[in-house]
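Open the model and keep the sequence beside it. The walk below goes from strands to rings to single residues.

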Amino acid sequence: MNLVAKHAQWLYVYSIVFPQNAITALHWSPLVKDLIVSGDEKGVIVCYWHSRSDSQQFFPEPRTIFCLTCSPHHENLVAIGYKDGMVVIIDISRKKEVLHRLRGHDDEIHCLAWCPVPGEGRLPAWQDELQEEGDVPNGELKQDTAMKKSCYLASGSKDQTIRIWSCTRGRSIMTLKLPPTKRRGGAVDPAVKERIWLTVHWPCGRPTEIVSSSFGGELLHWDLTQPGKRKWTLLGSSEGQNHSRIVFNLCSLKHQDKELLFSISMDRDVKCWDLSTLDCSWTMPSLGGFVYSLAFSPVDPGCLAIGVGDSMIRVWNTLSISNIYDVKTYWQSIKSKVTALAWHPTKEGCLAFGTDDGKVGIFDTLSSSAKNKPPQISSTYHKRTVYTLAWGPPTPPLSSGEEGEHPSVTLYSCAGEGIVFQHNPWRLSGEANDINKTIRDTNSIKHKLPARTEISWKPDGKLLALGNEDGSIEIFQAPSLKLLCTIQQHHKLINAIRWHHEHGSDPELSYLIASGSVNAIIYVHNLKSVIESTSESPLTITEPFRTLVGHTAKVTSLSWSPHHEGRLVSACYDGTAQVWDVMKEEPLCNYRGHQGRLLCVQWSPVDSDSVYTGADDFSVHKWLISKQEHTRPPQGKKSIELEKKRSIQPKVKAKKKKKPVGKSPTKQDQGDAMNGDESMKDTLLEENGVSDHEGEKEAQETELSNKDCMAVPKDTSLPAYDYSSFSSSKPFVTQKATPVKKDPPKEKPAPDASLKKRKPRSLLPFSTSMDHRSKDELHQDCLRLATCLKTKGIRLKL
C-alpha cells in the first residue's frame with residue numbers, strides 16, 4: 001500500500017549564504033545539467049551550478065514566488081509565477097534582464113509549463129490574431145527568426161483560468177476557463193468557490209494539446225486547435241477513475257508505443273493514464289502516515305478499513321479481482337491522525353473512527369455521494385487521543401430521541417485521558433455518557449477508578465473487558481456493568497484485549513481472553529469458572545491460563561483467527577508479527593517484512609492463510625502464514641542479557657523510578673541513536689503526514705496521553721524467555737480466583753508541590769516535543785545537518 005524509493009542517497013548538500021527566506025519554488029534545468037534555480041517567499045531568485053559551486057542571485061520583483069520553470073529550449077530563460085498573479089520571464093545570463101512581465105491573472109500562479117516544441121506558429125489563435133492586426137500578407141503566416149526560436153508558455157492560476165502566452169510578443173494569446181463540471185457529470189454552482197490547485201502539463205511532442213487539473217481531482221485534456229469555447233475533454237471514461245482530491249503534479253513519458261501521463265494528488269494516489277484513450281491504466285495508492293488501525297467489516301468481509309496518520313481513512317476492497325488496489329478514501333471533517341476504527345456489527349457501510357485530537361465520528365461508506373458527504377461527528381470530544389472504538393449493547397443511562405427507543409448497539413470510545421464514553425449513534429449531537437458513573441453506582445465504588453486504556457466487548461455482548469493504565473483488566477457484566485473479576489497479571493499499561501470467537505467446536509474456548517501490554521508477554525485467561533461462579537463479590541485472577549513469550553518489545557495489537565480454534569496473531573514494537581498456537585503455547589510463524597514498528601494486525605476473515613499488518617513504515621502488508629521462513633521473533637543481544645539476569649536473580653516486583661519522557665534529545669543522544677541505540681529510534685522517527693490544520697499543533701501538544709511512550713527507557717525488568725522452557729498443554733482451569741476486598745485503597749501522601757508533574761505517556765510513538773517544534777527550529781536543524789555533511793566531505797578530500 002505504499003511507494004518506496006530504494007537505493008536513494010544524497011548527492012549534494014549546500015547552504016546558501018544569502019538571506020534565509022523560505023524557498024517556495026525549485027527547478028532543475030533540463031538543458032544545463034548542473035543548474036538548479038530556486039525562488040523564495042521574498043522574490044529572490046538563486047541560480048546554483050553545483051559542478052563549480054557557483055551561484056548568482058536575482059531580484060526581479062519584490063513579490064512572493066509560487067512557481068518557476070526553466071526553458072527546455074533556451075538555457076538562460078526562466079519563467080516565474082508570483083502569488084499576486086504576475087508572470088515574469090527573465091534571462092539569467094550576465095545581463096540579468098527581465099524580458100517580459102505578463103499580466104492577466106488575478107490570483108496565485110500555481111503552475112507554469114513551456115511548450116515542448118519551439119516556435120509560435122502552430123496555434124490558430126495566434127494566426128487569427130496576426131491576421132486581425134494586418135501582419136499576415138495574403139493571408140499567409142510568415143514566421144521570423146524570433147518566432148521560430150521562441151515558444152509558448154502556459155500558466156495555471158487560482159483564478160480558475162489557464163493562459164497561453166507568446167514569449168515573442170509578451171502577451172496572452174488564449175485564455176481557457178475551467179468548466180464547472182464534477183466527476184459524475186453534474187454541474188456545480190459557479191458562485192461556490194471550491195478549493196483548487198490548477199496544475200498544467202504540456203505533453204512531449206504535442207504542441208497543440210495540454211492537460212490540466214480541475215475541481216476535486218478531475219483532469220482535463222485541452223485541444224488548443226479546437227474552435228469554440230469547449231476545448232476540453234474529461235479524462236476517465238468511468239466512475240472511480242479520477243482522483244478524489246485536488247491534483248498537484250503531472251508528468252508524461254513514452255513507454256514502448258504508448259504515451260503515458262502520471263498524476264499525483266492530495267488523495268495520495270499515483271495514477272497512470274493512456275493519453276491515446278484518456279483512460280486510467282492503473283492506480284497505485286500510497287500512505288502519508290503511520291498505520292494506526294485496521295478493521296475488517298463483519299457484514300462485507302472483504303472491506304478493510306485503514307486508519308492513517310495523514311488524516312485519511314482508506315477502505316480497501318481486498319476481494320476485487322479486476323483491481324488489486326481498489327481503494328476509496330474518506331477525509332472530510334477528520335483534520336487529524338486517524339487512530340481508531342470500528343465497523344458496525346450489522347449495518348453495512350457504517351464505519352466509526354476516532355482521531356488524535358479526540359474526535360469521534362461515523363462515516364456512511366455506501367452513500368452514493370460518499371466522496372462528498374461528511375461524517376456524523378459526536379458532540380462529545382475526548383481531551384486526548386482516541387485509543388479504541390467498540391460497538392456494544394447499550395448500558396444505562398442512554399439518551400434517545402424518544403423515551404423507550406434505543407439502538408440495538410451503541411458506540412464506545414476510550415481515549416488518553418482514561419475515560420470511556422458511550423455514544424448514541426442515533427443521536428450523536430447529544431451528550432455521551434461516561435460509563436465510569438454507571439460502574440461506580442452499580443458496584444458502590446467510592447475510591448478513584450484506574451485510567452482506562454483499552455475496551456473490548458465479548459462477541460455475544462454479555463461481557464465487557466476494560467484494560468487499565470496500571471496493567472489490570474476488569475471484567476463487567478452487561479447491561480448494569482457489575483464487576484465480576486479483576487485480572488492482575490500485567491504490571492504495565494494495557495495496549496490490546498481480544499475475546500476468542502464463538503463459532504468453534506468447543507464452546508469453552510469462547511471464554512478465552514488474550515491481552516498484551518507495554519511488557520512483551522501475552523497472557524491468555526479462561527474466564528469460564530469466573531463467569532459461572534455464584535460469588536457475590538468480585539474475584540481476582542492472579543495466574544494465567546496460557547503465557548505466550550517471545551516478543552522483545554511492547555505488544556500493540558492482537559487478533560484471533562476466525563478460521564481456527566486457539567490461534568492468535570500479535571503485532572509488536574520489535575518489528576514483527578507472531579502467530580501462536582495458544583493451547584500449546586507454541587510460536588508457529590514470524591513475519592519480518594516491515595521496516596518499522598508494528599501498530600495493528602488483522603487476520604483475514606476470508607483466507608485462513610492471510611494476515612494484514614500496519615506499521616510506522618507508512619505501509620500495510622498482506623502476508624501468507626505458509627510462506628514465512630521464521631517461526632519465532634528475533635532474539636537480540638538485549639533479550640539474551642535479560643534472560644541471563646532473570647535466571648540468576650529472584651523475581652522481585654519493585655517499582656521503578658520512571659524516567660521523564662517527551663524531552664528533546666541532546667546532541668550526544670542523537671549521536672548514540674545514529675550509532676544504533678534502539679532506545680532512541682523512537683525519538684528520531686517522524687511522521688510526514690498532512691499538517692497545517694487549524695489548531696493541530698495545540699491539539700497535538702495536549703495529546704501526549706497515557707497509552708504508550710515515545711522515548712522508551714531501557715527496561716531491565718523486561719523478561720525474555722528461552723523457548724525450551726515452554727511447557728506442554730496445561731489443564732484447563734489453573735487460575736486462582738479470590739474475592740476482592742471492597743475497602744478503598746489507603747490515601748497516598750500529597751506530593752511535594754515543588755516537584756515537576758510527570759508528563760503522561762502516549763499511545764502514539766511519535767507524540768513528543770520533537771514533533772511540535774517550530775518551523776524555524778526545524779529549518780535550523782536542516783542547515784546544521786547540511787553544514788556537518790559538507791564539512792565531513794571537505795575533511796575527506798583533505
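**From sheet to side chains**

Four strands make an open sheet in the order S13-S14-S15-S16, with antiparallel pairing. Its edge strands are S13 and S16 (232–234), each pairing on one side only. Strands here are DSSP runs (E, at least two residues), and helices are DSSP runs too (H or I, at least four), numbered from the N terminus. Two strands count as paired if DSSP finds at least two bridges between them. S13 and S14 (residues 209–213) pair in the antiparallel sense over 2 bridges. In that pairing, His201 stands opposite Val211 in S14.

A word on the basis. This is a predicted model, with residues numbered from 1 along each chain as its sequence is written. Local features need pLDDT of at least 70, side-chain atom pairs count only at pLDDT 80 or more, totals for chains, interfaces and linings use all residues, and side-chain values use heavy atoms, with hydrogens and water left out.

Now go to strand S7 (residues 87–91). Is S7 enclosed or open? Of its 5 residues, 5 are buried, so S7 is largely enclosed by the rest of the structure. Buried means under 20% relative accessible area, exposed means over 50%, and partly exposed lies in between (1.4 Å probe, protein chains only). In a regular strand the side chains alternate between the two faces of the sheet. Both faces of S7 are covered. Val87, Ile89 and Asp91 are buried on one side. Val88 and Ile90 are buried on the other.

S7 has a partner in strand S6 (residues 77–82), paired in the antiparallel sense over 5 bridges. Val78 stands opposite Ile90 in S7. The two strands form a hairpin with 4 residues between them. In its turn, Gly85 has a positive phi of about 105 degrees.

S7 also pairs with strand S8 (residues 97–102), in the antiparallel sense and over 5 bridges. Here Asp91 stands opposite Glu97 in S8. This hairpin has 5 residues between the strands, and Lys96 takes a positive phi near 50 degrees.

Arg94 lies in the loop between S7 and S8. Buried or exposed? Its relative accessibility is 65%, so Arg94 counts as exposed. Arg94 touches Asp54 and Gln56, not counting residues up to four places away in sequence. Contact means heavy atoms within 4.5 Å. Arg94 and Gln56 are 38 residues apart in sequence, and their C-alpha atoms are 9.3 Å apart in space.

Next, the rings. How many aromatic pairs does the structure hold? There are 11. Rings of Phe, Tyr and Trp (its six-membered ring) pair if their centres lie within 6.5 Å; planes under 30 degrees apart count as stacked, over 60 as edge-to-face and the rest as tilted. One of the pairs joins Trp197 and Phe248: edge-to-face, 5.9 Å centre to centre, 65 degrees between the planes. Trp197 lies in the loop between strand S12 (171–177) and strand S13 (200–201), and Phe248 in strand S17 (residues 247–255), so the pair ties together parts that are 51 residues apart in sequence. Trp197 is partly exposed at 23% relative accessible area. Phe248 is partly exposed too, at 32%.

Phe353 and Phe363 form a tilted pair, 5.3 Å centre to centre, with 35 degrees between the planes. Phe353 sits in strand S26 (residues 350–355) and Phe363 in strand S27 (residues 360–364), so this pair ties together parts 10 residues apart in sequence. Phe353 is buried, with a relative accessible area of 0%. Phe363 is buried as well, at 2%.

The charged end of Lys458 sits over the ring of Tyr511, 5.1 Å from its centre. The charged end of Arg546 sits over the ring of Phe545, 4.1 Å from its centre. The test is NZ of Lys or CZ of Arg within 6 Å of the ring centre and within 35 degrees of the ring normal.

Finish at Thr556, in strand S42 (residues 555–560). Thr556 has 13% relative accessibility, so it counts as buried. Its side chain reaches the backbone oxygen of Leu598 at 2.8 Å. Not counting residues up to four places away in sequence, Thr556 touches residues including Asn495, Ala571, Tyr573 and Cys600.

Definitions and conventions
A polar contact is a pair of N or O atoms within 3.5 Å; within protein, one must be able to donate a hydrogen and the other to accept it, and residues adjacent in sequence count only if both atoms are side-chain atoms.
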